[in-house]
Structure formats: structure tokens, C-alpha cells
Amino acid sequence: MNVLKVSKWTIAAFVLPCVLLYVGLVFVPILVSVYSAMLDWNGIGASTFVGLDNFKYMLTSDTVFWPAVGRTFLLAGFSMLIQLPLALFVSILISRYVRKPNFLVSSYFLPVILSVVVIGQLWKTIYNPGSMGGMINQILETIGLESWTHSWLTEPKIAIFAIIVVGLWQYLGYHILIQFTGVQNIPADIYEAAKIDGADGFKADRYITLPMIIPIFKISFVLSFIGSLQSFDLIMVMTGGGPGNATDVIASHMYKMSILSQKFGYGSAIATFLVAVCLIATVIINFLFNRLDKKYT
């Protein structure tokens, strides 16, 4: 059989344009953002180099920043501890009990392809405490739980959890699709051999499905965590970061500082912090899952 031999220079010639495009669209903006973070700049006029002052203010004096970081990690925590296990559980049930699962999986995926504005307005109507809409409060009143009714998006201690519920609902189908694909790709003969040895049902899932789906679950985990850190659009549509700053996360706080307050240098410092957290989190998650994968292989 003839093997196509290609020189390294030929490979480089084809790869180089893509590499240059990637560097230009990813690494150059990051470097520009890091440099901008060292400026006192409104984004338009003259700038003044201030070194690390923006980072110092961000870490020590900004009273909104650390609560926003906490809420961002709260979003990530709920996504990883509730959304991903639930998506895996639903994927296993669909794979096992649904004969033609494609339509059902597509139905779960529908909220993902809807506009965030549509979803935000829909849930604002559902959460509406007034007489127009307010389905949740109406249900609670109907079943005699009037004391549980709230103004869901205007109470500072509740608003962020109301948004978390929407986020979990919106992207559940996304992770079901990813994990269902992973479950479907596990060879059926492995389950048949396990059944002969007495491992069936959820016992088979424990010793076969979970270990073999680790690489796919890692993809969901990384996407969920990074997506939670970058949460912005749904919050801006539903609450705009309010009431007060009760639902502000890192991205929304960065937007307010950069665009609304015209502190572009300080906004770049927040963006640099966000990029650094995303990179560090990705490295840590990959390391942990690689160790977990080696443990079961």
C-alpha cells in the first residue's frame, strides 16, 4: 500500500494560516486586554499608564467585585452538582428505555437554540409577582402555599437563585445531548457480557457506563464551568445585575465598569482576571479527570 509522504514544510504551509488566524483572534486580544488593564483609560481619549493599580483596586477596594465572583462560582457549582448529574441520569434512562430517542433528545435541546432574550422574557413572566403572568406564585396560592410566594427577581437574596433555575433549565438539554452521545457509543456487547456476570441495570452503569463516559463527562464539565464563569446575557436580560448589585457576576460587573462607567482600563483588569480563572480552571479540571480516567483504565 502506498503511503502519502508529505514534507514538514508542506504541512506547515497548510497549518500556518490557521495558526496565525487563531493567534490573531485569541492571543492578541488577550495580550491587548492585559496591557489595557494597566491603563487609566475611558476607551476613547488619552490614556495614562498606572501599572497594577487597577488590579490592586479590584482585589482590595471594589466592594462589588468579590460578591460578583462568589455568585459566579455559585452558578458554576449548581451547574456542576445538579445539572450535569441530572443530564447523565436522563441520558442513561433515555438510552435504556426509549426505543427511538432522537425526538426526545431534540426536545430537551430546544431551549438551547432559543434566543436568550426570548427565554429571559418568558421566565420574567413566569416569575412576575403581579396579576399578569406570575405562574409560580399562582400555583403556590392554588395549593395553599401563599407564604412561599415571592417577588422572585426583585428580592436580593432570592433573585440569583431564580436566575440559576433558568440557567439549569436552559442548558440541561445541551449536556443531555453530549452525554447521551457518549452513552450511545459504549459497545452493547460490553453490557451483554456484564449481564452474564450478574451486573445489570444501575449496577452495570456504576461499573461500565460511568468509567467509560469519563472523557465525555469531562467535556460537559469544562463547558459547564467555563460557561458559568462567562454568564452574562441571561442576567442582563432578566435583572440587569439588580436589584442593586444582587445578581451581578464577573462578566456583568466588567460590562458595567467598561461600558456604563467608561472605566475601560479597570474593565480590562476584570476581563484579565476572568481569562486567568478560566485557564487555571481548565488546567485543573483536565488534570483531575485525566487522573480519574487513568484510575479506571
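## The main nonpolar core

Let's start in the middle of things: the largest nonpolar core has 31 residues, and those touching the most other members are Met58, Phe221, Phe225, Leu229, Ile270 and Phe273. Two or more residues of this core come from each of helix H2 (53–60), H3, H10, helix H12 (250–260) and helix H13 (264–295). The top contributor is H13, which gives 10 residues. Keep in mind as you look around that this is a predicted model.

Leaving aside residues up to four places away in sequence, Phe225 touches Phe73, Ala76, Met80, Ala281 and Ile285. There's also another core, apart from the one Phe225 belongs to, and it has 20 residues, including Leu153, Ile163, Leu168 and Leu234. As a bit of background, nonpolar side chains in soluble globular proteins tend to be buried together.

## The largest pocket

Now for the open spaces. The largest pocket holds about 390 Å³ of space. Its lining counts 21 residues, and Gly167, Tyr171, Gly227, Ser228 and Ser231 are the closest to its centre.

Which helices build this lining? Helix H3 (65–97), helix H7 (156–184), helix H10 (214–229) and helix H11 (233–238) each give two or more residues to it. H7 gives the most, with 8 residues. Sorted by class, the lining of the largest pocket is made up of 10 nonpolar, 10 polar and 1 charged residues.

## The second largest pocket

The second largest pocket comes in at about 310 Å³. It is lined by 16 residues, and the ones closest to its centre are Ser95, Arg96, Ala188, Tyr191 and Asp205.

At least two lining residues each come from H3, H7, helix H8 (188–196) and helix H9 (202–212). H8 has the largest share here, with 4 residues. The class count for the second largest pocket reads 7 nonpolar, 4 polar and 5 charged residues.

How many salt bridges turn up in the whole structure? A search finds 2. One of them joins Arg96 and Asp205, with 2.3 Å between the closest N and O atoms. Because Arg96 sits in helix H3 and Asp205 in helix H9, this pair ties together parts that are 109 residues apart in sequence.

Are the two partners buried or exposed? Arg96 is partly exposed, at 31% relative accessibility, while Asp205 is buried, with a relative accessible area of 5%.

Side chains of opposite charge can pair when their charged atoms come close. The side chains of Lys256 and Asp248 also do this, forming a salt bridge with an N to O distance of 3.0 Å.

So where do these two stand on burial, given that the cut-off for buried is under 20% relative accessible area? Lys256 has a relative accessible area of 13%, so it is buried. Asp248 is buried as well, because its relative accessibility is 0%.

Terms used. Residues are numbered from 1 along each chain as its sequence is written. This is a predicted model: local features need pLDDT of at least 70, side-chain atom pairs count only at pLDDT 80 or more; totals for chains, interfaces and linings use all residues. Side-chain values use heavy atoms; hydrogens and water are left out. On a 1 Å grid over the protein atoms alone, a cavity is a set of points where a 1.4 Å probe fits but cannot get out, and a pocket is an open set with protein on both sides within 12 Å along at least five of seven lines; lining residues have an atom within 4 Å of a point. Grid points are joined across faces, edges and corners, and a volume is the space filled by probe spheres set on the points. Ala, Val, Leu, Ile, Met, Phe, Trp, Tyr, Cys and Pro count as nonpolar, Asp, Glu, Lys and Arg as charged, and the others, Gly among them, as polar. A salt bridge is a side-chain nitrogen of Lys or Arg within 4 Å of a carboxyl oxygen of Asp or Glu. Buried means under 20% relative accessible area, exposed over 50%, partly exposed in between (1.4 Å probe, protein chains only). A nonpolar core is a set of buried Ala, Val, Leu, Ile, Met, Phe, Trp, Tyr and Cys residues joined through side-chain atoms within 4.5 Å. Contact means heavy atoms within 4.5 Å.
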